[in-house]
Structure formats: structure tokens, C-alpha cells
Amino acid sequence: MADRLAALLADVDPEPGAAALRVAVDGPDVADPGGLATALADRLPVLGRPAVVVPAAGFLRPASLRLEHGRTDPDARYTDWLDTGALAREVLDRVGPGGPGEYLPVLWDVARDRAARAGYAPVPPGGVLLVPGPLLQGVGLAFDVVVHLRVAPAARRRRFPAEQAWELPAFDRYDDEVDPVALADAVVLADRPGHPALVLQNRLSRARRPPSGR
């Protein structure tokens, strides 16, 4: 599946004036979007497209803002955890049309709850920048391609660890309000670990959807 996706992405050029193709790998932790992003980044250079992975987890807000309503508030998980402005400003816009062609690998050290103090890195010319993480659609982020890892509600309830079960209403709300399957360019059915199925790959194209807010 990663081989097929990498081949499809390798055929998609960045937007005119952009340094890289900006790809979201959108899905809950149980679907391992980071693992898929890494697998794609390993395969793309062989196809002539250098790639970098910038996890969305490096752009969470500080704990004082993220956890203002408690550590297990699903509404805050849905709307307040990801610093979308920083991810746009420090990564997506900088490698997009007219940007300087460099990106910030990480902004916030969540474990230490302090700024990561990373420096900017140049994106390889004609490269692919992959951003894995959950709840990435419907927040106005300028991705050129979105790969959505679909885990159905029943499968989420089976697979989410007990300590993350409080997040389930956030993903139910995401399905209802954003409909991530309908927005994505490619969908990976990921209900069963080890048996993913790729669908809608024919929708991968150079056309980028206008960003939408939620």
C-alpha cells in the first residue's frame, strides 16, 4: 500500500512557485499516520522525489492552553490542541508558493512543555513534505494532497487504548462536521491492523481544494 501511495505522490508536482508538495497523512494514533508518513518518505527518493516528515505533534499548543479545560476534554482535543497558525506559518506557507523553501521541523517540545528551539531546515528541491497527525482537515491548512486513514467509529471504540477513550467524541465530531473521507484525495481503510486498503487514489491530482475552517 505504501508503494502504491508513494508512486501516486511521485507523479504530483508542487504548486507553481512552491518548493515542495505539502501532504497531510491524517488519522488517529491507532492508525499510525506517522508510520505511514515515514514509509512514504523512505520510498519517495527512489522515485526521484526527496521527502521529509514533519509531525503535527511538534506543533501542539503549550499545556497551559491545550489543557485549560482539563486533560480529558474532548472538545478541547478537537479545537484547541493543534496550533494551526504556527503549523501554517512555520511549515506549510514557507514551502508553499512564494515561500523561502525552508521549514521548522518542530516548534514545541510537548514532553518538556517548552519551545523546542529548532532551526529552519531547507526542503529538498521538488521534495515532498509529509505532515502526519490526527484531525488535520477542516482547519484551513494549505495541504496540496490529503491522505486520510479511516478508522470507523466501531473500530475506534475497539482499538483506542483505555487511557485515550476520552478522545472518541472528538473523532465522532470530526466525522460529522468535517467528513474527512469526502475531503481527502486518498483514503486508507484502516479498521484492521495489518490489512489496510487504499481507495480513491484516482482523486490524487494537482488541484488543491480551498482551505476550509472548522
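Asp-93 touches Ala-88 and Gly-99, not counting residues up to four places away in sequence. Contact here means heavy atoms within 4.5 Å. Asp-93 sits in helix H5. Helices (H or I, at least four residues) and strands (E, at least two) are DSSP runs, numbered from the N terminus. With a relative accessible area of 42%, Asp-93 is partly exposed. Buried means under 20% relative accessible area, exposed means over 50%, and partly exposed lies in between (1.4 Å probe, protein chains only). Asp-93 and Leu-44 are separated by 49 residues in sequence and by 22 Å in space, C-alpha to C-alpha.

The model is predicted: local features need pLDDT of at least 70, side-chain atom pairs count only at pLDDT 80 or more, and totals for chains, interfaces and linings use all residues. Residues are numbered from 1 along each chain as its sequence is written, and side-chain values use heavy atoms, with hydrogens and water left out.

Helix packing was examined next. Helix H1 (residues 2-10) packs with helix H2 (residues 33-43) at an angle of about 60°. Their axes are 9 Å apart. That angle makes H1 oblique to H2. Angles under 35 degrees count as roughly parallel, over 145 as roughly antiparallel, 65 to 115 as roughly perpendicular, and the rest as oblique. Axes are lines fitted to C-alpha atoms, for helices over the stretch in contact, and angles run from 0 to 180 degrees between N-to-C directions. The crossing of H1 and H2 is right-handed. A crossing is right-handed if the near helix is turned clockwise from the far one by less than a right angle, and left-handed if anticlockwise.

From H1, the contact is made by Ala-2, Asp-3, Leu-5, Ala-6 and Leu-9. From H2, Leu-36, Ala-39, Leu-40 and Arg-43 take part. By class, this contact of H1 with H2 has 7 nonpolar, no polar and 2 charged residues. Ala, Val, Leu, Ile, Met, Phe, Trp, Tyr, Cys and Pro count as nonpolar; Asp, Glu, Lys and Arg count as charged; the others, Gly among them, are polar.

The structure holds 2 aromatic pairs. Rings of Phe, Tyr and Trp (its six-membered ring) pair if their centres lie within 6.5 Å; planes under 30 degrees apart count as stacked, over 60 as edge-to-face and the rest as tilted. Trp-81 and Trp-166 form a tilted pair, at 5.8 Å centre to centre and 50° between the planes. Trp-81 lies in the loop between helix H4 (74-79) and helix H5 (84-95), and Trp-166 in the loop between helix H6 (153-159) and helix H7 (168-178), so the pair ties together parts that are 85 residues apart in sequence. Trp-81 is buried, at 14% relative accessible area. Trp-166 also counts as buried, at 18%.

Phe-160 and Phe-171 form an edge-to-face pair, with 5.5 Å centre to centre and 75° between the planes. Phe-160 lies in the loop between H6 and H7 and Phe-171 in helix H7, so this pair links parts 11 residues apart in sequence. Phe-160 is buried, with a relative accessible area of 9%. Phe-171 is buried too, at 5%.

Backbone angles close the account. Most residues other than glycine have a negative phi. Asp-113 has a positive phi, near 50°. Asp-113 is placed in the loop between strand E4 (108-109) and strand E5 (114-115), and is partly exposed at 33% relative accessibility. Leu-135 has a positive phi near 60°. The loop between strand E7 (127-133) and strand E8 (145-150) holds Leu-135, which counts as buried at 3% relative accessibility.
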